[in-house]
Every structure is written in C-alpha cells, then in structure tokens.
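Let's take a walk through this protein model, one part at a time. Have the sequence and the 3D view ready.

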Amino acid sequence: MNDYKTVTADERLENDLRALVRLSIAEDLCSSVDWTTVCLIQPDARGSCQIVPRVSGVCAGLATLAWMVDEFDADLETECLQSDASTMVPGRPIAKLRGNVRDLLTCERTVLNILSRLCGVATLTQAYVHAMGTTSSRLYDTRKTTPGWRLLEKYAVSCGGGHNHRSGLYDGFLIKDNHLSLAGVDASGPLSASAAARKAIAWRGATVEHLTAPQIVEIEVDTLDQFRDVIQARPDIVLLDNFTVEQLREAVAIRNDSALSLELEASGNVRLETIAEIATTGVDRISCGALTHQATSLDLGLDWFDETLS
C-alpha cells in the first residue's frame, strides 16, 4: 500500500473504507464462515437485490459501494442508481447488487451499516445548511468524528453541503487555550504562538523531507479582550469559542473596522435551533461537531427483486 502521506484524497478515502470493511469482516466472520447462509443457500445460487431507503434523506457513500464489495472478494456486480449528494426518496432504490446469493447475504449488513451511517451524516448536515438560510456563513465539521471513520464522515458532510475543517493535527495550525497555557504563553497575547506557527510555515520541513507545514494559522479565543489582542498577531482565522450572538456581532464589527483580512469562525452551542441566528452575525465560518457525533444512521434495507420482471 502507498505511503499514507503521499496518496491522493480519493486514495486515502478508499484506504480507510477498505480498512473499515476488513474490520467488519473480522467482526462478522472471525476465522469462520456465515454458517446460516452456507447451510441454507446453494453455493451457485444467483440473485439480485436493491438497496432501498425507508426514509427520505441525502445519499452518501454510494461511491464506495464497489470498494466494499471488492474487499469482500464477492462475486457481485454493483450498480448505483443515484449519485452521492442526491435526495433519497422512501421506497425508491438507490443501488442494485447482482450475483452470488451467499456473497450478497454475507456482505449485506456491512454494506448497509456503512451506507446508513454516511447517509445519516449527510442528511443532518443538509438540515443545518438549510437552517442557515441565505447568509454567507459556511458550515464546517470538526475532528469530533467516529475513530476510524473520519475521512468517510467528512466525505458525507460534503455530500450534505457542508465544508471540511482540517482532517487531522497534521494539516492545520489550531492554537487553542491549552496550547497557550501549557506552552507558557499568555493567553491574552498569543503573538509568540502565532510567530512560532509562522516560523514552522517558513521552515516547511527543511530537516525532514516528507514533512510540510500547513499554511493556515487559526487561533482560538474565549473573550472579546482576547480577540482584540489576537487580531494583532494577524492569524488567518480566529475561532470565537462559545461567544454569545451579541459578542459575535461585536467581533465581526471589530474585524471589519480593523480592515484586516482574516476570517472569523463561531464554535460552541451550535445546534439546529441556534445556527440561524449565529449565521446572521456575519461570521464567515461556523464549526459544528454535532454533524458527526450526533448524526443518526438512516434506515436502509436490502430487498430482493426479480430481474425478469423489471
């Protein structure tokens, strides 16, 4: 397998998906077989089935369906009837699988589990995006993802109309209060923290060939006083953590009056009931962990059908 740092985004998504499927296979089969299916189904039986949503929602994960089947080494053909980011209608199939019935039954639950989860994340994300209305704010996910699922869940967020924050600690500077405190930096004046990040950007892995420092510097603040000090450090983004709506509006006004080119990101207390008002404050970005850690899997089923009647 290619080095994780050198593969493309699509290759990384495929690598993560395949690893997740391998874990699922180990959970379901261990070192044995699907005894129920082996006992009841003839080895050469052929059949067709459809993946059918029981509820409305947003498609996500269909692009990974062929990878899942391939990782099972299943004698199956896949056909996607819709594309990711499209709207699912209850009862209308989104994909078909044809081939060996034993393989269909053995991989059924893993396929549905993964697609149901990703569709759930995409659907919740779309609800948040719609709640923001016509404001110019952009919705971002966070690192509050299911371990092992991060790139998949972030892919689902994009299917729902959201944007992806940094994928991990390696691809973005996010200087938070704990960094400032433990590094011995005064949280009310993080100029030295910003300078350290800018130095790392200039260094860009000069002594370790495969390391390349991220280019964006973001600093978290908890108060307006901190914000006034932080903007002097000229970060690319300031994260306004747990600000009230009134404080967010004031921070936007301060930024606008300063004529500094930096983006403001609101975080904390972001829910479906609050995001609309937050978006009206003029912040550029709103980050929300609920997109991934509170999403509910959608109800998808695998229904058999007769190809000769279709």
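Which residue takes a positive phi just after α1? That's C30, with a phi of about 50 degrees.

## Before we go on

This is a predicted model, where local features need pLDDT of at least 70, side-chain atom pairs count only at pLDDT 80 or more, and totals for chains, interfaces and linings use all residues. Residues are numbered from 1 along each chain as its sequence is written, and side-chain values use heavy atoms, with hydrogens and water left out.

Helices (H or I, at least four residues) and strands (E, at least two) are DSSP runs, numbered from the N terminus.

## Helix α1

Helix α1 covers residues 9-29.

Contact here means heavy atoms within 4.5 Å.

## A look at V157

V157 lies in helix α5. Buried or exposed? With 0% relative accessibility, V157 counts as buried.

Leaving aside neighbours within four places in sequence, V157 touches V121, T125, D141, G162, H163, N164, L291 and T292. Take T125: it sits 32 residues from V157 along the chain, yet their C-alpha atoms are separated by 5.9 Å.

## The sheet

Now for the strands. Six of them form an open sheet in the order β6-β11-β10-β9-β8-β7, with parallel pairing; two strands pair if DSSP finds at least two bridges between them. Because β6 (138-140) and β7 (173-175) stand at the edges with a single partner strand each, one side of each is left without a neighbour in the sheet. From one strand to the next, the twist averages 25 degrees.

Strands β9 (residues 237-241) and β10 (residues 263-267) pair over 5 bridges, and L240 stands opposite A266 in β10. Helix α9 (residues 245-258) packs on the sheet, touching β9 and β10, and its direction makes about 170 degrees with that of β10. Such angles run from 0 to 180 degrees between N-to-C directions, using axes fitted as lines to C-alpha atoms, for helices over the stretch in contact.

Technical notes:
Expected span 1.5 Å × (residues − 1). Buried < 20%, exposed > 50% of the residue type's maximum accessible area, 1.4 Å probe, protein only.
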